[in-house]
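Thank you all for making the time this morning. I would like to walk through one structure with you, going slowly enough that you can follow each residue on the screen.

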Amino acid sequence: TRGRVAELKGARAREMALRDRAPYIALMEAGAARVQETYGAIAAGLGNRFASHYGLSGRIPQIAAVMGATFGGPSFTALQSDFVPIVEGSGFLGMSGPPVVKVGIGLDVTSEELGGGKISTQETGQAHYLAPNEADCLASIRRFLSYMPSSCWEAPPRVPPQPAPCDSEEGRRELVALVPENHRRAYDMQRLIQLLVDGGDFFQIQQEFGRSLLVGFARIEGQTVGIIANQPMRLAGTIDPKSVRKARRFVDLCDAFNIPLVSLMDCPGFLVGPDVERQSMVSLTTRLLTSMIQASVPMVTIVIRKAIGLAYIALGGRAVGPDTLVAWPTARFDVMGPDAGIELIHGKAIREAADPAALRAEIARKFELESSAYVAAGLGHIDDVIAPTETRRVIIDTLARRRDKQELGWKHRIDP
């Protein structure tokens, strides 16, 4: 539990972190306020630390490592942070611990059931990294900070460049062979990212949450980049409510700390249906769109295959203003998926045709030609069609063009 002296010490640490423009790290195993020191009307003066963390947001990186039971007020502190690793088996995160739940609603539950590592990383997404032990938890903090500036008033750290796997002849062959031309066949986007980035090193954030979308940090020619990428191995890369939340928060984090964004797109659209509507999908998507539009960091969009409808726009389409927007020859652009488009426009004619299958196939071929990346480039909607082996060079060139043109400083806070 936290007493009054502990609150003063924490406030002093946050004050020093902001003054010195240095990251704030909390190693957490904490209950709510100490009842013996806050009982009665004294409780009317509690909670100043939440406003303090609000003031740090977007200015300095905040890390909260959930290493033990973290219930009540400390859980809010964790969720106000930018990176929240949790230790499996000993870290728990939630509104109230088992004793309070028992008193409040008469239910016997364990800390694991309320907010254990797997629940917090897979189901709620309130923790961003599941560490098997404390040593790995601490290592994840060091790794996270290696990509971050000390504050919003600095550029992200640069390190000596390392060659990417795709710089070798073998890596180029693998890159070309990895993505099937058939849009119905999946491939591993994580492997594609590893082929493109320095040393093949990609640090995923929220790996177990919203798994149809990958977000994380890597380096290109020694420069930190934030990567957003659809994962065709999960839901064919479709964006669901969890992945929308993950993407929005990551975009805000990168923009606040001057980290360029790279979007690798292969998305058939947003998940649809009554279940996602009940999860406020329109609101979630609007927030992602707003974050993408307001982002002022360098942005590169590479369309690998599918770029469909609003999902294309929300992940870095022309409307959000990327610095570079290119596509592989396998890319296709459309307002909706081809099957839905054919049915809406030509469904009646197909059903009344002498040979419905032949007519559907003919229309599908026409749709494919009209949605080609080459047509999009010819209309001026994208900047170029590139070979897969040119991808890394396009990213490097865009980053070099914008390197000295970023304005550093506070932009906005990062919503939980």
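This is a predicted model: local features need pLDDT of at least 70, side-chain atom pairs count only at pLDDT 80 or more; totals for chains, interfaces and linings use all residues.

Residues are numbered from 1 along each chain as its sequence is written, and side-chain values use heavy atoms, with hydrogens and water left out.

Let us start with the strands. By buried I mean under 20% relative accessible area, with exposed being over 50% and partly exposed lying in between, using a 1.4 Å probe and protein chains only.

Strand β1 runs parallel to strand β2, residues 62-71, and six bridges join them; two strands pair, by the rule used here, if DSSP finds at least two bridges between them. Within that pairing, leucine 27 has alanine 65 as its bridge partner, and methionine 28 stands opposite valine 66. On β2 itself, nine of the ten residues are buried. Strand β2 is also joined to strand β4, residues 92-94, by three bridges, again in parallel, and there threonine 70 stands opposite leucine 93.

Alanine 65 deserves a moment of its own, being a residue of strand β2 that counts as buried because its relative accessibility is 0%. If contact is taken as heavy atoms within 4.5 Å, then, leaving aside neighbours within four places in sequence, alanine 65 is in contact with Ala26, Leu27, Met28, Pro85, Cys137 and Ile141. Its C-alpha atom is separated by 8.7 Å from that of glutamate 29, which is 36 residues away along the chain.

Now to the aromatic rings. Rings of Phe, Tyr and Trp, the last by its six-membered ring, pair if their centres lie within 6.5 Å, and planes under 30 degrees apart count as stacked, over 60 as edge-to-face and the rest as tilted. By this rule there are ten aromatic pairs. Why is the pair of phenylalanine 83 and phenylalanine 144 called stacked? The ring centres are 4.5 Å apart and the planes are at 10°, so this pair is classed as stacked. The pair links distant parts of the chain, since phenylalanine 83 sits in the loop between α4 (73-79) and β3 (85-87) and phenylalanine 144 in helix α8 (residues 134-147), 61 residues apart. Both of these phenylalanines are buried.

A contrasting geometry is found in tyrosine 312 and phenylalanine 333, which form an edge-to-face pair at 5.5 Å centre to centre with 90° between the planes. Tyrosine 312 counts as buried at 14% relative accessibility, and phenylalanine 333 is buried with a relative accessible area of 14%. One aromatic cluster is formed by Phe83, Tyr129, Phe144, Tyr147, Phe203, Phe217 and Phe250.

Next, the cysteines. How many disulfides does the structure hold? It holds zero, where a disulfide is a pair of cysteine sulfur atoms within 2.5 Å. For cysteine 254, the nearest cysteine sulfur is that of cysteine 152, 14 Å away. Cysteine 267 has its closest cysteine sulfur in cysteine 254, at 19 Å, which is too far for a bond. Cysteine 254 is buried at 0% relative accessibility, and cysteine 267 is likewise buried at 0%.

Finally, two single residues. Threonine 238 lies in the loop between β8 (223-230) and α11 (241-256), and it counts as buried because its relative accessible area is 13%. Its side chain reaches the backbone oxygen of leucine 235 at 2.8 Å, a polar contact being a pair of N or O atoms within 3.5 Å, where within protein one must be able to donate a hydrogen and the other to accept it, and residues adjacent in sequence count only if both atoms are side-chain atoms. Serine 111 lies in helix α6, residues 111-115, and is buried at 18% relative accessibility.

Notes:
Helices (H or I, at least four residues) and strands (E, at least two) are DSSP runs, numbered from the N terminus.
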